Amino acid sequence: MMETRLTKQVSVFLENKSGRLRDVCHALGEAGVNIRALCIADTSDFGILRLILDRPAQALEVLTEQNFAASETNVLAVQVPDR
């Protein structure tokens, strides 16, 4: 059964250099925020990391405190069976 719902997405601007994705994941892990889904759109210089999280407001606060350029938007999430 397919489930559709409105949820929050956190987008993070990252320089395209070694360790930046790790830094985001580490910050979220230390704060106890779980990643439900992610995708990255990148160029040779930068990337946009888009995250669906269990606690987006807390994630945004943590990332902003650690000087990541991050924002929150509403998105439509669709959960489909794994078949």
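Me: Which residues is leucine 51 in contact with, leaving aside its neighbours within four places in sequence?

Reply: Contact means heavy atoms within 4.5 Å, and by that rule leucine 51 touches Lys8, Gln9, Val10, Val12, Val24, Leu28, Ile35, Ala37 and Leu38. This is a predicted model, in which local features need pLDDT of at least 70 and side-chain atom pairs count only at pLDDT 80 or more, while totals for chains, interfaces and linings use all residues. Residues are numbered from 1 along each chain as its sequence is written, and side-chain values use heavy atoms, with hydrogens and water left out.

Me: Which residues of the largest nonpolar core touch the most other members?

Reply: A nonpolar core is a set of buried Ala, Val, Leu, Ile, Met, Phe, Trp, Tyr and Cys residues joined through side-chain atoms within 4.5 Å, where buried means under 20% relative accessible area, exposed over 50%, and partly exposed in between (1.4 Å probe, protein chains only). Here the largest core has 14 residues, and Val12, Val24, Leu28, Leu51, Leu53 and Leu63 touch the most other members.

Me: How many disulfides does the structure hold?

Reply: A disulfide is a pair of cysteine sulfur atoms within 2.5 Å, and the structure holds zero, because the sulfur of cysteine 25 is 13 Å from the closest cysteine sulfur, in cysteine 39, too far for a bond. Cysteine 25 is partly exposed at 31% relative accessibility, and cysteine 39 is partly exposed as well, with a relative accessible area of 42%.
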